[in-house]
Amino acid sequence: MIKGFWSKLKKPIFVLAPMANVTDAAFRFLISNYGKPDVTWTEFVSVDGLCSAGKEKLLVDFWHSENEHPIVAQIFGAKPENFYKVAQMIKQLGFDGIDINMGCPDRAVLKQGAGGALIKNPELAREIILATKEGAPELPVSVKTRIGVSKPMLEEWFGFLAAQELAAITAHLRTVKELSLVPAHWELISKIVEILRSGNQETRPLILGNGDVLSLADAEQKVLETGADGVMIGRGIFGNPWLFNRETSIEKVPVHKRMLAMIEHTKLFERKFAGIKDFAVMKKHYKAYVNGFDGAKELRMNLMEAETSQEAEELVEKFLIAQKIFV
């Protein structure tokens with residue numbers, strides 16, 4: 001069993017969740033500078049797409065920088081032979097680990113037999129894990145999953161995963177059917193911890209909980225209460241690149257510094273993805289950055305009309321002057 005970098009991490013472990021069109025190379029670079037997580041994930045990428053003629057467009061999602069290590073590439077699909085090929089590719093690209101998505105509830109993903117659909121197909125899940133390990137035998141392999149499809153399947157599913165000699169397992173504490181429509185079932189993580197730790201101590205995986213955690217303080221409390229090895233945080237990172245910073249919280253960051261971080265993020269996005277990704281991707285971030293202070297609503301509305309980093313920067317400068325906030 002290969003544990004790789006996972007065996008060197010100090011507990012509790014706090015990691016950045018993979019989020020499509022959110023945790024791209026620009027945002028991850030920014031986060032790593034403002035408040036580095038213990039482990040960073042890429043957005044999830046289709047192994048079928050990476051084995052097709054159009055793979056160059058998808059390789060953009062695997063762009064990463066030195067300051068992001070340790071970084072894990074997350075992949076999804078339902079064809080073991082493609083996991084084997086992509087694992088080889090991931091190794092060559094310099095990643096520290098591979099994570100297999102076995103929890104995505106998106107209909108298009110489920111229709112392929114991938115993501116959360118694998119919870120109902122443990123035989124295929126086993127083949128995929130083995131193929132990934134064979135493709136990159138030097139890299140640790142982990143899985144991000146959910147607690148079941150239409151109802152919790154803790155003994156069956158996590159009992160199965162416990163036997164697969166994975167370096168880590170992240171449990172998103174909702175079923176596939178629940179999407180993100182109900183509160184995460186954190187009361188179940190202790191049972192999952194018990195199941196995953198019941199086997200061979202040498203081969204047991206690290207256990208990370210995920211769902212509805214919006215701050216590092218909350219994550220620390222969850223670890224204390226549940227016995228998990230760590231927590232994966234997703235939505236809490238919106239508008240808050242300081243989330244993983246143990247010395248600074250967003251509440252202590254003055255408005256002008258938040259706006260400067262937003263502009264830095266915008267420039268990074270433009271520099272990395274001009275002509276590749278739509279500038280509109282930044283606007284979901286603006287909604288989170290520009291919130292909770294006087295004049296935020298008007299500035300936010302104006303930023304929705306911006307089409308370049310220069311336009312966004314000019315709008316922020318005008319706002320700071322009008323509010324008598326000086327950098």
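Helices (H or I, at least four residues) and strands (E, at least two) are DSSP runs here, numbered from the N terminus. The model is predicted, so local features need pLDDT of at least 70 and side-chain atom pairs count only at pLDDT 80 or more, while totals for chains, interfaces and linings use all residues. Residues are numbered from 1 along each chain as its sequence is written, and side-chain values use heavy atoms, with hydrogens and water left out.

Leu179 lies in the loop between β6 and α8 (189-196) and has a positive phi of about 50 degrees although it is not a glycine. At 36% relative accessibility, Leu179 counts as partly exposed; buried means under 20% relative accessible area, exposed over 50%, and partly exposed in between (1.4 Å probe, protein chains only). Glu165, in the loop between α7 (154-162) and β6 (168-172), is another non-glycine residue with a positive phi, of about 55 degrees. Glu165 is partly exposed, at 35% relative accessibility. Two cis peptide bonds can be described alongside these residues: one joins Lys11 and Pro12, with omega about 0 degrees, and one runs from His69 to Pro70, with omega near 0 degrees. Pro12 is found in the segment before β1, and Pro70 in the loop between α3 (55-59) and β3.

Helix α1 (residues 25-34) is mostly covered, with 8 of its 10 residues buried. These are Ala25, Ala26, Phe27, Arg28, Leu30, Ile31, Ser32 and Tyr34. They pack against the strands β1 (13-16), β2 (40-46) and β3 (71-76), and against the helices α10 (255-273) and α11, where contact means heavy atoms within 4.5 Å. At the start of α1, a side-chain oxygen of Asp24 comes to within 3.2 Å of the backbone nitrogen of Ala26.

The partners α10 and α11 also meet each other. Their axes come within 11 Å and cross at roughly 170 degrees; axes are lines fitted to C-alpha atoms, for helices over the stretch in contact, and angles run from 0 to 180 degrees between N-to-C directions. The two helices are therefore roughly antiparallel, the term for angles over 145 degrees, whereas those under 35 count as roughly parallel, 65 to 115 as roughly perpendicular and the rest as oblique. On the α10 side the contact includes Arg258, Met262 and Phe269, and on the α11 side Val281, His285 and Tyr289. By class, the residues of this contact divide into 8 nonpolar, 3 polar and 1 charged (Ala, Val, Leu, Ile, Met, Phe, Trp, Tyr, Cys and Pro count as nonpolar, Asp, Glu, Lys and Arg as charged, and the others, Gly among them, as polar).

Within α11 (residues 281-289), Lys283 is buried, with a relative accessible area of 13%. Leaving aside neighbours within four places in sequence, Lys283 is in contact with Leu303, Met304, Glu305, Ala306 and Glu307. Ala288, also placed in α11, is partly exposed at 22%. Not counting residues up to four places away in sequence, Ala288 touches Phe238 and Gly239.

Elsewhere, the axes of α4 (residues 80-92) and α6 (residues 122-135) come within 7 Å and cross at roughly 25 degrees. That makes α4 roughly parallel to α6. Among the contacting residues are Pro80, Phe83 and Tyr84 of α4 and Leu124, Glu127 and Ile128 of α6. This contact has 7 nonpolar, 3 polar and 2 charged residues.

Key
A polar contact is a pair of N or O atoms within 3.5 Å; within protein, one must be able to donate a hydrogen and the other to accept it, and residues adjacent in sequence count only if both atoms are side-chain atoms.
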